[in-house]
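Here's a structure to explore together. Take a look at it, then work through the questions below.

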Amino acid sequence: MPDQTETRTIEWIGGVDGFVRLIDQTRLPGELVFRECRTVEEVWEAIRSLRVRGAPAIGIAAAMGALLGLHQHVAEGPVALGERLREASARLRTSRPTAVNLFWALARVERSLKQATESGCSGDKLVSRLLDEAREIGEEDRRVCLAIGDSGAHLVGEGCGVLTHCNAGALATADYGTALAVLYRAAENGRRFKVYADETRPLLQGARLTAWELQRRGIDVTLICDNMAAQVMKEGRVQLVIVGADRIAANGDTANKIGTYGVAVLARAHGIPFYVAAPASTFDLSLADGSAIPIEQRDPREVTHGFGKATAPEGVSVYNPAFDVTPATLIEALITEVGVIRPVNEEMIRGMIGLRDQTEQ
Ligand code: MRU
């Protein structure tokens with residue numbers, strides 16, 4: 001097991017005048033390199049270019065990023081500080097549209113600003129309070145991911161094959177992950193199983209990140225191309241699918257990395273349970289269903305020039321949505337820190353997540 005303190009996905013280094021340090025995931029698996037971000041713009045760029053990615057990690061990055069440079073303006077007073085923070089938040093909100101954790105985390109920091117200023121807090125103390133909140137978003141995510149792992153570990157049967165798509169692991173969160181936390185906890189409980197990791201075109205999060213982190217943590221992982229999943233299922237190698245989520249609507253429709261919907265359809269066709277693991281912060285109960293989830297469209301060159309090499313004729317039309325929405329009807333259960341939600345429907349979701357969500361707003 002690698003030293004996790006050495007490989008923290010994201011953290012704030014230092015005091016109010018500190019900076020954000022994150023693993024530059026665009027350099028994996030070749031190099032484990034950390035990137036230091038000292039301005040809001042540098043964090044915006046890190047999120048946009050997927051140096052830091054995965055819904056919970058994006059939220060943590062945004063919460064911390066919004067505070068960069070804020071201490072330089074303490075002399076301007078709490079009103080001006082608030083304005084600067086809201087400006088930074090507004091900018092970071094434009095970095096990526098689909099993962100709701102980004103918006104959730106920024107709203108939480110802004111709420112903390114309101115509470116702190118109302119209680120008369122100002123100057124360095126105010127920035128320090130906001131920094132505590134951003135750090136707590138990260139620490140809480142670590143605890144929540146462990147709890148997700150504990151909720152779902154029993155679903156991984158002895159000797160089974162598990163298929164996952166994209167990366168919903170430690171790299172996508174403060175630690176452990178969501179889908180992969182279930183696997184880490186099952187392994188810690190002594191379960192033996194085999195993981196099939198979809199490579200996840202076009203940016204290869206499965207090949208570059210999931211295969212890398214599972215291998216480092218001693219989990220038996222086999223990499224497959226996305227178009228091999230049907231065959232692997234037909235051969236009887238997969239007994240369950242677990243993926244993460246970027247946004248879950250009130251009825252359970254789930255946005256996750258492009259290709260997830262196809263995997264869910266395949267799982268249904270082969271009678272294999274399809275699970276989604278996610279924290280409460282990934283639920284968006286303001287959306288009745290998945291049709292209103294914004295789907296990020298990305299640069300066509302990710303498809304035509306993956307990792308530098310031209311693999312398509314110059315000038316060809318490309319459609320490159322980064323996410324798709326899996327209908328709730330294809331999801332066997334949602335694995336969360338408050339337990340397993342089954343069946344997946346609005347009543348069950350509001351019953352388990354709703355109350356918590358209201359207190360969070
Ligand atoms: O584009 P990415 O790499 O940010 O997409 C990530 C995913 O789709 C993950 O499955 C999701 O964010 C869950 S991470 C726990």
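Domain bounds here come from an automatic or database domain assignment. This is a predicted model, so local features need pLDDT of at least 70 and side-chain atom pairs count only at pLDDT 80 or more, while totals for chains, interfaces and linings use all residues. Residues are numbered from 1 along each chain as its sequence is written, and side-chain values use heavy atoms, with hydrogens and water left out.

Q: Into which domains is the protein chain divided?
A: Let's start with the big picture, using the domain assignment just mentioned. The protein chain splits into domain 1 (5-146) and domain 2 (152-359).

Q: How many residues of domain 1 are in contact with domain 2, and how far apart do the C-alpha centres lie?
A: Contact means heavy atoms within 4.5 Å. By that rule, 32 residues of domain 1 touch 38 residues of domain 2. The C-alpha centres of the two domains are separated by 25 Å.

Q: What is the strand order in the open sheet of 3 strands?
A: Strands (E, at least two residues) and helices (H or I, at least four residues) are DSSP runs, numbered from the N terminus. Two strands pair if DSSP finds at least two bridges between them. With antiparallel pairing, the order in this open sheet is β1-β2-β3.

Q: Why is one side of β1 and of β3 left without a neighbour in the sheet?
A: β1 (10-13) and β3 (34-37) are at the edges of the sheet. One side of each has no neighbour there because each has a single partner strand.

Q: What is the average twist from one strand to the next in that sheet?
A: Axes are lines fitted to C-alpha atoms, for helices over the stretch in contact, and angles run from 0 to 180 degrees between N-to-C directions. From one strand to the next, the twist averages 25°.

Q: Which residue of β2 stands opposite I10?
A: β1 and β2 run antiparallel and are joined by 4 bridges. Their hairpin has 5 residues between the strands, and G14 takes a positive phi near 90° in this hairpin. As for I10, the residue opposite in β2 is L22.

Q: At about what angle does helix α1 run to β3?
A: Helix α1 covers residues 40-48 and lies across β2 and β3. Its angle to β3 is about 140°.

Q: Where is L50, the residue with phi near 65°?
A: Most residues other than glycine have a negative phi, and most peptide bonds are trans. L50 isn't a glycine, yet its phi is positive, near 65°. You'll find L50 in the loop between α1 and α2.

Q: Which residue does a cis peptide bond join to R201?
A: Look in the loop between β5 (194-198) and α7 (205-216), where P202 sits. Omega is about 0° for the bond that joins R201 to P202.

Q: What is the volume of the largest cavity?
A: On a 1 Å grid over the protein atoms alone, a cavity is a set of points where a 1.4 Å probe fits but cannot get out; lining residues have an atom within 4 Å of a point. Grid points are joined across faces, edges and corners, and a volume is the space filled by probe spheres set on the points. Searching the whole structure turns up 4 cavities of 30 Å³ or more. The largest has a volume of about 210 Å³.

Q: Which residues lie nearest the centre of the largest cavity?
A: Both domain 1 and domain 2 give at least three residues each to the lining. α2 (55-65) and β9 (254-257) each supply at least two. The lining has 26 residues, and those nearest the centre are R53, G54, A55, N167 and D246.

Technical notes:
On a 1 Å grid over the protein atoms alone, a cavity is a set of points where a 1.4 Å probe fits but cannot get out, and a pocket is an open set with protein on both sides within 12 Å along at least five of seven lines; lining residues have an atom within 4 Å of a point.
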